[in-house]
Each structure stands twice: as C-alpha cells, then as structure tokens.
Amino acid sequence: MGDGMRLGIMGGTFDPIHYGHLVAAEEAQYRFGLEKVIFMPCGRPPHKKDYAVTKAEHRFEMTRLAIEGNSDFEVSRLEMDRPGPSYAIDTIMELRQLYLQADIHFITGADAILEILTWKEPECLRDMCKLVAVSRPGYDLATFEKRVGEDFASSVHFLNVPGVSISSTEIRRRAAQKAPIRYLLPEDVRSYIERESLYR
Ligand code: ATP
Ligand code: MG
C-alpha cells in the first residue's frame with residue numbers, strides 16, 4: 001500500500017454538499033499531501049433511513065458543481081452505480097482494484113467516526129486504508145477511545161480542521177422554510193437547488 005498515489009476518499013450523502021465537506025477535504029489534502037481527493041456520493045446510505053434521500057443524480061450533480069475548477073478534486077459514481085446499500089468497505093475493496101498501490105485515506109467527520117463500529121466490517125476497513133477523522137463543531141471525540149477500544153483508536157488519524165458549523169440537514173430545513181442558504185454552500189449548488197426545486 002505504501003509507495004503508490006496518496007489518495008483521499010471523501011464519502012458522504014452530500015444532500016446537499018456544503019462548505020463543511022469542502023473545508024474538510026481541502027485540509028486533509030494539505031495535511032496528508034494527497035494528490036487527489038475523490039468525493040463519493042453514496043447510492044443508498046445505510047445509516048439514513050429516517051428521511052427520503054434526494055436522487056443520487058442530483059447529489060452527484062451538486063457535488064460536481066461544488067468541486068468544479070479544483071483539479072485535485074474529483075467526483076465518482078462508483079457508490080451510486082452499485083446496487084444495494086453503500087458500505088465503505090465495499091468501496092475501498094473496489095478502489096483497491098483500480099488503484100493497486102494507492103495509499104488510500106478515507107476521510108470522515110467526527111460524528112461519522114464515532115459510529116464506525118456500526119459500519120460493515122470496521123476492522124477490515126481500518127486494515128485496508130488509513131482512516132482520517134476530521135473535527136466537526138458539536139461532536140466531541142473525547143469518548144472515542146473508550147467507545148472503540150485503544151487498539152482501534154490508535155489506528156485512526158485525527159485532524160483538526162477549521163470549524164464549519166454547517167450540516168446538510170440544516171440546509172434542507174432552511175430551504176424548506178425559504179430561509180437563506182446563500183454562503184453556506186457554493187453558489188452554483190445553491191442555484192441548482194433553486195432551479196431543480198429541491199428541498200421544498
Ligand atoms: P446530514 O445532516 O444530512 O447528515 P451532513 O452535513 O452530516 O449531512 P454528510 O453527507 O452526512 O453531511 O457527511 C459526509 C461526511 O462529511 C461525514 O463524514 C461527515 O462527518 C462529514 N462532515 C459533514 N459536515 C461536516 C462539517 N461541517 N465539518 C466536518 N465534517 C463534516
Ligand atoms: Mg451526516
């Protein structure tokens with residue numbers, strides 16, 4: 001795994017993508033010297049069954065618009081084109097075939113890493129890539145080690161990123177109420193949401 005391309009994978013629902021995601025990816029790229037960060041909108045999120053997730057095509061398009069102009073960022077259809085729930089381990093296995101030697105950094109936020117033991121085959125995931133946990137306002141990682149055990153916790157790379165207190169949930173809520181969402185996400189994404197009447 002060692003001497004190939006340093007690759008970042010930023011997984012998410014991106015419903016919609018916002019500056020919290022972009023700042024996290026940018027800082028991880030900088031701090032881990034990643035040559036490329038691939039944004040991976042999930043097909044069906046295993047963890048979000050409580051609301052109707054927006055069609056993958058819309059989430060892909062918003063992600064594409066958000067990273068346009070940054071040649072180090074890419075968006076992939078890998079998860080959305082795979083039937084069934086999107087499990088990170090399956091994605092990493094597939095990426096291993098595409099990028100044989102890559103040093104894969106799987107980037108997650110503090111809230112996501114706290115749930116990692118509920119993911120499919122977390123130990124296998126940990127062994128197949130580097131897990132990068134970025135800070136997120138409102139989520140404290142103080143209990144992480146206690147939760148996952150010392151061994152698992154010691155394999156996770158923690159990264160403080162500039163705090164962006166934005167969530168997709170809040171953006172969806174604001175859009176539904178016709179409250180402003182400008183400046184919470186890239187302007188092209190905001191106009192797309194408006195044009196496609198999303199989150200009404
Ligand atoms: P939702 O409110 O619908 O859950 P979200 O804002 O949490 O949306 P996701 O698509 O669920 O966005 O998150 C994708 C990844 O990005 C997760 O690993 C999450 O922890 C991380 N992330 C999301 N928002 C931030 C943020 N503001 N700062 C740092 N990390 C973030
Ligand atoms: Mg989330």
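This report describes the aromatic ring contacts in a predicted model.

A search of the whole structure finds four aromatic pairs. Two of them are set out below, with their geometry.

| Pair | Centre to centre | Angle between the planes | Arrangement |
|---|---|---|---|
| F39 and F73 | 5.1 Å | 55 degrees | tilted |
| F106 and W119 | 6.1 Å | 85 degrees | edge-to-face |

The pair of F39 and F73 links distant parts of the chain, 34 residues apart. F39 belongs to strand 2, which covers residues 36-41, and F73 belongs to strand 3, residues 73-75. F39 has a relative accessible area of 0% and is therefore buried, since buried means under 20%. F73 is also buried, at 8%. Ring pairs join F39 and F73 with F14 into a cluster.

F106 and W119 are 13 residues apart in sequence, and their pair ties together the parts in which they lie. F106 is in strand 4 (residues 103-109), while W119 is in the loop between helix 4 (110-114) and helix 5 (122-128). With a relative accessible area of 5%, F106 is buried. W119 has a relative accessible area of 18%, so this residue is buried too, the limit being under 20%.

Another contact involves a charge and a ring. The charged end of R77 sits over the ring of F60, at 4.8 Å from the ring centre.

Key
Residues are numbered from 1 along each chain as its sequence is written. Chains are lettered from A and ligands numbered from 1 in the order in which they are written. This is a predicted model: local features need pLDDT of at least 70, side-chain atom pairs count only at pLDDT 80 or more; totals for chains, interfaces and linings use all residues. Side-chain values use heavy atoms; hydrogens and water are left out. Rings of Phe, Tyr and Trp (its six-membered ring) pair if their centres lie within 6.5 Å; planes under 30 degrees apart count as stacked, over 60 as edge-to-face and the rest as tilted. Helices (H or I, at least four residues) and strands (E, at least two) are DSSP runs, numbered from the N terminus. Buried means under 20% relative accessible area, exposed over 50%, partly exposed in between (1.4 Å probe, protein chains only). A charge sits over a ring if NZ of Lys or CZ of Arg is within 6 Å of the ring centre and within 35 degrees of the ring normal.
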